[in-house]
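The sequence and coordinates come first, and the notes follow.

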Amino acid sequence: MIRALFATVLFLAAPAWAEIEIKEVTSPGGITAWLVEDHNIPFAALEIQFKGGTSLEAPDKRGVVNLMTATLEEGAGALDSKGFAEARDALAANFSFDSGTDSVGVSAKFLTENRDQAIGLLREALVNPRFDQDAVDRVREQVLSNLRSNEKDPGTIASEKFDALAFGDHPYGSSGDGTIQTVTALTRDDVVAAHKAALARDRVFVAASGDITPEELGVLLDRLLGDLPATGAPLPGAAPWLLPPGVTVVDFPTPQSTVFFGQKGIPRDDPDFFPAFILNEVVGGGRFTARLMTEVREKRGLTYGIGTYIVNMDQADMILGQFSASNDKVAEAIEVVRSEWGRIVSEGVAADELEATKTYLTGSFPLRFDGNGPIASILVGMQMDGMPLDYITTRNAKIEAVTMDDIRRVAARLFRPEALQFVVVGQPEGM
Amino acid sequence: MFGRYGAGVAAIVVLALPAVAEEPVTTFNLDNGLQVVVIEDHRAPVVVQMVWYRVGAADEPPGSSGIAHFLEHLMFKGTEKVAPNAFSGIVEAQGGDDNAFTSWDYTAYFQRISADRLELVMEMEADRMRNLRLTEEDVTTERQVILEERAQRTDSNPDALLSEQMRAAQFQNSPYGIPVIGWRHEIEELSREDALSYYERFYAPNNATLIIAGDVDPDDVKALAEKYYGALAPSDGIVPRMRPQEPPQLSERRLALADERVSEPYVMRTYLAQERDPGDQKRAAALTVLADLLGGNGQTSVLARALQFDRQVAVYASAFYDGSSIDDGTFGIAVVPAPGVSLETIESDLDAVLETFLAEGPDPAALERIRTQVRAGEIYARDSVENLAQRYGQGLSIGLTVADIEGWDEALSAVTEADVMEAARLVLDRRNAVTGWLTRPAVEEGAKE
């Protein structure tokens, strides 16, 4: 679930600025994509997201979408694993494939001079992957190795415990990487079925940035995606919200405890979203001057870093935070977090603090568009979140329109000190 | 690389590349010795300011490990003009981000901000080059923060602990054997006086490089640099960095770190390796290509083919080298064995693969693919002005010239099979090497064949 978290955060903290001109391109075959043309450097970046992701899986097939995604680059069409990698590197193209809780993502960068060949190769991986038995088995061993490492990783232990408490048996409640038991039992047929279920045209979102024209992109889209199945597996149903308040300690032998904390959040399309977004920035934003950084780190030296995030998944909305603190200090740090969670409700935000936060959020806007890859990634995220084409030009005005009244009202609505759950992995003292 | 918070700036990738002929780069020096580099990129109205001090953890006084990094944190505490802890807040209120990072050879500070706010951040960065104010309370609290940083990034991480132990064993005389974050018992003793004496000696215009990259005009930058940095007094404590050098290493070193938090045991080996030198990057370029051939690709590299494909004795194998240092660095290899394969077995398999490689040499097609990627890397690199700034700042801070930095991709492209093999024969010598095993505590270790 951590992947989904960062994907969403990237988008929210991100985008938009008036000088970016986004074109909507529809291919002759009817596939749409968003494009920012920039012919300064002779390459382009392409981002593709298929909605669904690891949440499409049946409980006994946990991990199959992840295994499938990781095996896409291990041979396609006439090329085996080695042949595919050699062909890709000879073109100096970059492809990466990633499975998330709500989507499967494909990122590509390719030179203008050999674009057709690079896209031909990527098309084979997406439409015609081989999933050779030896490749599936080899990648499975790497996945199992990661799963064993995760069992000893305090951050993973904490986030998985938090997810299990919040979502129970829903796919959100367990790791999309699967378990050692489920991944061991997956067959090649399972992987082939997962490919058909997850990569389909009815759930695809595409964005491109760089040295490519709308016409060229249209042709590319049909060639790349036109032969995928029209429909895939049904998307998962609503997630329950089961998170109990309190503190959950998971014993782990380490001098410093890792803490995940959070509560229910606010939907992306809620009218109060922007006040909530600003409030989160005031309390736990990535800035050194955010309240939690000031209180927990700068004033008390209890941690190296602390932050909170508004997380919007397809079926759930949360506010999550995390930090690490030595076992003898973690209890105090948790008390400071609780106290700040209460203070934002009781005291709200000072007028100058609100202004400074707005200036930061609006002014740091253009900094996020630093290259073709980031731009394509932001554009695909906007589409998945249902944002309009002109979102980038209107986003700052929505932040500036938030008033002190909005802040007071939404702080009281959103922040619930009594609802916070803290998962602590370590050997905390006095808890 | 340790930083004030977060991951720091872009990590250096093994095959990480080159410069940049297409980007207009202007360089000049101020009378007080400040070196200035302007990199123009007018695609977006954004600018990056970086100040790189040519001093790092390898320049610390003995017994004060961690002071370079500690000072980096304290640099955000304030000056006569900037109130305590207000530095980052002022930048953020203008819509900018700022941070800093420390390595063995340099310490760097940077801001990313709208291009029309450049003057503000130049004024602030110049101000704290000579006018830092520190209170005892600042020092006491921030020391707790860096102890938490060490706990989070090193003490809680068996991989980091193994690397730290291996470096300590690798470098018999060079200060590169001391961790950047510092040894815990020495961090606990670092004082305000330690920080200030290091600051007053090393933080000065004649020991720094200023990089301004983005939507700027070099003439405007020059005027602003003169206005804010030009008046700063140079330090008379700057001397060439002649550090203790490694003696001939005559004996292989081996160590094992057992930790109950380990799930996947592995073998790592580092060999002492030559770095990039001013005017002479040929050997470093060959080592860079060698690392890529041996372990740069999960499907085609020599180690992956032999240990993961031809036989399934490993789940992961890689090789890594970064020649960007002042003194000799390391060339590394790591292999995670498949379940049921012991560390002893995988290490002897690894050595057999290296022996075969030394006898047979690389696949010429693989070398050709690397050249193609180097050339493409130049194109892709132009997409990130921040990474270009990083490349110049780092290169100049380790004593390279602008010509060296701009010639690096050419040096990589010129590497021949003979160059690779000569470099391989020199570096892959176990008398120069440290081999580390990361294991679980005794009960589970061994007896796994």
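## Helix H1 and helix H7 of chain B

In this predicted model, the axes of helix H1 (residues 67-74) and helix H7 (residues 192-202) of chain B come within 10 Å and cross at roughly 90°. Axes are lines fitted to C-alpha atoms, for helices over the stretch in contact, and angles run from 0 to 180 degrees between N-to-C directions. H1(B) and H7(B) are therefore roughly perpendicular to each other. Angles of 65 to 115 degrees count as roughly perpendicular, those under 35 as roughly parallel, those over 145 as roughly antiparallel and the rest as oblique. Helices (H or I, at least four residues) and strands (E, at least two) are DSSP runs, numbered from the N terminus.

From H1(B), the contact takes Ile67(B), Phe70(B), Leu71(B) and Leu74(B); from H7(B) come Asp194(B), Ala195(B), Tyr198(B) and Tyr199(B). Two residues are in contact if their C-beta atoms, placed from the backbone, lie within 7 Å. The contact of H1(B) with H7(B) has seven nonpolar, no polar and one charged residues. In this scheme Ala, Val, Leu, Ile, Met, Phe, Trp, Tyr, Cys and Pro count as nonpolar, Asp, Glu, Lys and Arg as charged, and the others, Gly among them, as polar.

## Conventions and confidence

Residues are numbered from 1 along each chain as its sequence is written, and chains are lettered from A and ligands numbered from 1 in the order in which they are written. Because the model is predicted, local features need pLDDT of at least 70 and side-chain atom pairs count only at pLDDT 80 or more, while totals for chains, interfaces and linings use all residues.

pLDDT is the predictor's confidence in each residue, from 0 to 100. Chain A has a mean pLDDT of 93, with 96% of its residues at 70 or more. Over residues 1-18 of chain A, pLDDT stays under 50, and the model has 40 contacts beyond four places in sequence for this stretch.

## Overall form of the chains

Chain A contains 16 helices and 13 strands. Its C-alpha trace spans about 65 × 50 × 35 Å along the principal axes. A compact globule of 431 residues would have a radius of gyration near 22 Å, and the 23 Å of chain A agrees. The radius is taken over C-alpha atoms, and the globule rule is 2.2 Å times the number of residues to the power 0.38. Of the 431 residues of chain A, 54% are buried. A residue is buried if 20 or more other C-beta atoms lie within 10 Å of its own, exposed if 12 or fewer, and partly exposed in between, with C-beta atoms placed from the backbone. Among contacts in chain A between residues at least 6 apart in sequence, 84% join residues at least 24 apart.

Chain B contains 16 helices and 12 strands, and its C-alpha trace spans about 65 × 50 × 40 Å along its principal axes. For its 449 residues the rule gives a radius of gyration near 22 Å, and chain B has 23 Å, which agrees. Buried residues make up 55% of chain B. Of the contacts in chain B with a separation of 6 or more, 82% are between residues 24 or more positions apart.

## The contact between the chains

The contact takes 52 residues from chain A and 50 residues from chain B. On the side of chain A, H3 (81-90), E7 (103-111), H5 (133-150), H11 (291-299), E12 (317-326) and H13 (351-363) each supply at least two residues. By class, this side has 18 nonpolar, 19 polar and 15 charged residues.

## Helix H10 and helix H16 of chain A

Helix H10 (residues 273-284) and helix H16 (residues 404-414) of chain A have axes that come within 9 Å and cross at roughly 80°. H10(A) and H16(A) are therefore roughly perpendicular to each other. Pro275(A), Ala276(A), Ile278(A) and Leu279(A) in H10(A) meet Asp406(A), Ile407(A), Val410(A), Ala411(A) and Leu414(A) in H16(A). These residues divide into eight nonpolar, no polar and one charged.

## Individual residues

Glu74(A) sits in the loop between helix H2 (64-71) and strand E4 (75-76) of chain A. Glu74(A) is buried, with 24 other C-beta atoms within 10 Å. Beyond its neighbours within four places in sequence, Glu74(A) is in contact with Ser81(A), Ala135(A) and Val139(A).

Ala92(A) has a positive phi of about 55° although it is not a glycine, and is buried, with 24 other C-beta atoms within 10 Å. Asn85(B), also not a glycine, has a positive phi of about 60°. Asn85(B) lies in the loop between H1 and helix H2 (87-93) of chain B and counts as partly exposed, with 18 C-beta neighbours inside 10 Å.
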